[in-house]
Amino acid sequence: MPISKTSLLTLFTSAVAVLAQNGPPASHANKFSGLNVLDSAYSGASFGLNNIPQSSYSKYKWPWGTLPKNCYDIAVNNNYCNPYDVEAYDITYNDCPNNPAVVCRCNNAQVSIDTLAQKIGRIPVKARQWISHWTAWPASSCNAWYQNGHVTILGACTAQSVYFHEVGHGMDQYVAGPGNNYYSAGQEWKNKVNAGTCVPDSYAKSSWQESYAQVAVMAAYHGNVQSIWNLGVNCMADQMGRVNEQLIDTGIKAYKYQQGATCNRFWTRAQPVCMGPAARDAGNCQGVSSISTFSRVADTPEIKISDATAAAIDEERKKEAETKAQPWPAAKHSANEKKFSA
Ligand SMILES: [Zn+2]
């Protein structure tokens, strides 16, 4: 019996719909207009993510001349900052005394080192420990991206939700994900999202990875401010329930502040590299080999990038980050490793 034209057409269009679904269904409603509502007092809570407990810290600024290689690479490869203008810090949190967080910023980045240290310090230690280094650069508006354990902040990002979003990608990759592949790339996550009728906000529709990171922000709220179910999120009950389970209720409870918790996962210390010839000529790169032919001089003006360029770079890096989940080098306990000094 010949298949009717109508059913053939239906078959064709439904197949296209399945193939084209690279993220949550466009027909899902947006629960919030943006997750920044969770940063401050909202819906009966007297505080928000901006006010959750913060680990105290001390900071050590690297002497001018050398930088962690990963900071140098981000600065130069993206034209974010003249490497001579990059400040590198070891931020040592009281709940992770032997393994400082590496934080680098261009000296004209909108976020100060203390703002960065405080925002990072509000990420509970069991999640914070999965980020190898943080960098911050100047831009006219807040933007951020994540790639394989590294978080980049562009512009004046002061909302805690942005930091939980970026680390949320790390949770997707390393805590929820099997074998350091993104959990959200698997069928289970797609089914959980499809089972509901809403997503956190319009940004969550960008991709499966973005939807996971946004739900992770809501899980952080659930674990540290008030029950997320008070906010009427039954329209996304399956996805919400799954991320709460992964990040708040079971395992290392990565996104829940736990009194007395300490780090137990350590990154290998970043290799130091020389900022460039001017730093070597000044005698500040002794014992550190050159890795680059970068030849700007120390007083060369900052390279300015346009907002459009910054946005394009951000998009490109996001795509890169989220399509190429790469195997992670084996964890190395470095509690006895000597602190690097230039
Ligand atoms: Zn994202």
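Visitor: How do β6 and β8 pair?
Guide: In this predicted model, β6 and strand β8 (residues 150-154) pair in the parallel sense, over five bridges. You can pick out residues facing each other: histidine 133 stands opposite histidine 150 in β8, and tryptophan 137 stands opposite leucine 154 in β8.

Visitor: Which sense does β6 take with strand β5, and over how many bridges?
Guide: Strand β5 (residues 101-106) pairs with β6 in the parallel sense, over four bridges. Look at cysteine 104, whose bridge partner in β6 is threonine 135.

Visitor: Is β6 enclosed or open?
Guide: Strand β6 (residues 133-137) is largely enclosed by the rest of the structure, because five of its five residues are buried.

Visitor: Which residues of β6 are on which side?
Guide: His133, Thr135 and Trp137 are on one side, with Trp134 and Ala136 on the other. They are all buried, and both faces of β6 are covered. In a regular strand, side chains alternate between the two faces of the sheet.

Visitor: What does strand β7 do with β8?
Guide: Strand β7 (residues 143-147) pairs with β8 in the antiparallel sense, over five bridges. Alanine 144 has isoleucine 153 as its bridge partner in β8. β7 and β8 form a hairpin with two residues between them. In the turn, asparagine 148 has a positive phi of about 40 degrees.

Visitor: Let's switch to helices. Which residues of α6 are buried?
Guide: Trp189, Lys192 and Val193 are buried in α6. They lie on the same side of α6, because they cover an arc of only 95 degrees around the axis. An α-helix has 3.6 residues a turn, so residues three or four places apart point the same way.

Visitor: And what's on the face turned away from that buried side?
Guide: That face of α6 carries the exposed residues Gln187, Asn191 and Ala195. The buried residues of α6, for their part, pack against β9, α7 and α8 (237-249).

Visitor: At what angle do α6 and α8 pack?
Guide: They pack at an angle of about 135 degrees, with their axes 6 Å apart. The two helices are therefore oblique to each other. Where they meet, Lys192, Val193 and Ala195 are on the α6 side, and Asp238, Gln239 and Arg242 are on the α8 side.

Visitor: Where is threonine 197?
Guide: Threonine 197 lies in the loop between α6 (187-195) and β9 (198-199). It counts as partly exposed because it has 14 C-beta neighbours inside 10 Å.

Visitor: What is threonine 197 in contact with, leaving aside neighbours within four places in sequence?
Guide: His28, Ala29 and Cys235. There is also proline 25, which is 172 residues from threonine 197 along the chain, with 8.9 Å separating their C-alpha atoms.

Visitor: Is glutamine 209 buried or exposed?
Guide: Glutamine 209 is buried, because 26 other C-beta atoms lie within 10 Å. You'll find glutamine 209 in helix α7 (residues 208-224). From C-alpha to C-alpha, glutamine 209 and tyrosine 183 are 8.6 Å apart in space, and they are 26 residues apart in sequence.

Visitor: Which residues touch the most other members of the largest nonpolar core?
Guide: Val103, Met171 and Ala216 do, in a core of 90 residues. Helix α7 gives the most to this core, with 10 residues.

Visitor: What does methionine 171 touch, not counting residues up to four places away in sequence?
Guide: Methionine 171 touches Ala127, Ala176, Ala216, Leu247, Ala254 and Tyr255.

Visitor: Last one: which residues of helix α3 are buried?
Guide: In helix α3 (residues 113-121), the buried residues are Leu116, Ala117, Gln118, Lys119, Ile120 and Gly121. What covers them includes the strands β2 (57-61), β4 (86-93), β5 and β6, along with the helices α4 (125-128) and α5 (160-175).

Notes: Residues are numbered from 1 along each chain as its sequence is written. This is a predicted model: local features need pLDDT of at least 70, side-chain atom pairs count only at pLDDT 80 or more; totals for chains, interfaces and linings use all residues. A residue is buried if 20 or more other C-beta atoms lie within 10 Å of its own, exposed if 12 or fewer, and partly exposed in between; C-beta atoms are placed from the backbone. Two strands pair if DSSP finds at least two bridges between them. Two residues are in contact if their C-beta atoms, placed from the backbone, lie within 7 Å. A nonpolar core is a set of buried Ala, Val, Leu, Ile, Met, Phe, Trp, Tyr and Cys residues joined through C-beta atoms within 7 Å. The arc is that of the directions from the helix axis to the C-beta atoms. Axes are lines fitted to C-alpha atoms, for helices over the stretch in contact, and angles run from 0 to 180 degrees between N-to-C directions. Angles under 35 degrees count as roughly parallel, over 145 as roughly antiparallel, 65 to 115 as roughly perpendicular and the rest as oblique.
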